[in-house]
Amino acid sequence: MSTNPDDLGTDPDLGVDPDADAAAASLEVELGALAMGAELPRLRQARARVLRANVASDKAVLASSDAALTVEDRAGALEVARVRLAECEGDEGSTDVQRAAAREAVDKARRASERAEARAEHAARTADRAHQLVLEADRVLAEELAAADAALHQAQPDTVQAADPEPLFETLPQFVEQIVAVVYAADFSVGAPRRWCAQWWRHPSVVFRLEGLWRAFEHLRLDATTGMSVFLRDHADPHMAVITSADGPLARCKPEQHQEPFDELGLVPPEAGLYTPENA
């Protein structure tokens, strides 16, 4: 005997929540209206639909779980009815009425088992559809959040510009020429224990430090009060002291005479297994 799950009624004894399918269908319609641009408080409604979608999904999952348990119960009852029928037919003392009753019990248990299986399949489909609606509600909410964020930025262009300003210098050489070379100008010919190289860009360690100075400058220049003082005290002066020191990365150079820097510090690889992701 086959049963069409789309034609099922509501049987409380089978553990199927009659509201789960209706809630999922209603939510699906409302999401469609939102996607078509209904004039509503969109963000607030999208958030509410996410909550409702999760509630509907939880109910559908619970109903599906209950339906699956009912299938097991009906299958057990059918097996018991079959055993009793076999015992009845094997008992010579059983009457025709008893045998007929046992066969009817098996048929009744089989029909109940088939209905339970059909309802379980229907509940599983409902749970799957409710889960898809949760995903759809999450997607709509994400879109509404993005739209609200874009609208906020569009309504406050000054704030956006202040939060993400254009750099004052487009390249590192511009920063070195217009800031470093001016602020730290000095006569290196008078024997001061400092070093500089006009070809600073050929020294990787110097480039690394100057790149850091450039980024610090671009950030701190936005502070109109103590920004430049902090830049000089905490960044520029310490780094430039290292760069121009007599034993620093430019020690072999003169302002107009470049000497190739050492490639790197001498290194000997550590023993195998001494440093691993587990004991690093």
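Helices, counted as runs of at least four residues, and strands, as runs of at least two, are DSSP assignments numbered from the N terminus. On this basis the chain of this predicted model has seven helices and zero strands. Read from the N terminus, its elements follow the order α-α-α-α-α-α-α.

**Overall chain**

| Property | Value |
|---|---|
| Residues of the chain that count as buried | 27% of 280 residues |
| Contacts joining residues at least 24 apart, among those between residues at least 6 apart in sequence | 76% |
| Accessible surface of the chain | about 18500 Å² |
| Part of that surface belonging to carbon and sulfur atoms | 55% |

**Nonpolar core**

The largest nonpolar core comprises 22 residues, and Phe175, Leu210 and Phe231 have the most contacts inside it. Two or more residues are given to this core by each of helix H5 (172-183), helix H6 (204-220) and helix H7 (227-243). H6 supplies the largest share, seven residues.

When neighbours within four places in sequence are set aside, Phe175 is in contact with Phe169, Val180, Leu210, Leu213, Trp214, Phe217 and Phe231. Two of these partners, Leu210 and Phe231, are themselves named with Phe175 as having the most contacts inside the core.

**Surface patch**

A nonpolar patch on the surface is formed by Val182, Val183 and Leu232, which together have about 250 Å² of accessible area. Val183 is located in helix H5. Its relative accessible area is 47%; because buried means under 20% and exposed means over 50%, Val183 is classed as partly exposed.

Technical notes: Residues are numbered from 1 along each chain as its sequence is written. This is a predicted model: local features need pLDDT of at least 70, side-chain atom pairs count only at pLDDT 80 or more; totals for chains, interfaces and linings use all residues. Side-chain values use heavy atoms; hydrogens and water are left out. A nonpolar core is a set of buried Ala, Val, Leu, Ile, Met, Phe, Trp, Tyr and Cys residues joined through side-chain atoms within 4.5 Å. Buried means under 20% relative accessible area, exposed over 50%, partly exposed in between (1.4 Å probe, protein chains only). Contact means heavy atoms within 4.5 Å. Patches are made of residues with over 30% relative accessible area and no salt bridge: like charges are joined within 9 Å, nonpolar side chains (Val, Leu, Ile, Met, Phe, Trp, Tyr) within 5 Å. Accessible areas come from the Shrake-Rupley method with a 1.4 Å probe; for residues, only the protein chains shown count as cover. A salt bridge is a side-chain nitrogen of Lys or Arg within 4 Å of a carboxyl oxygen of Asp or Glu.
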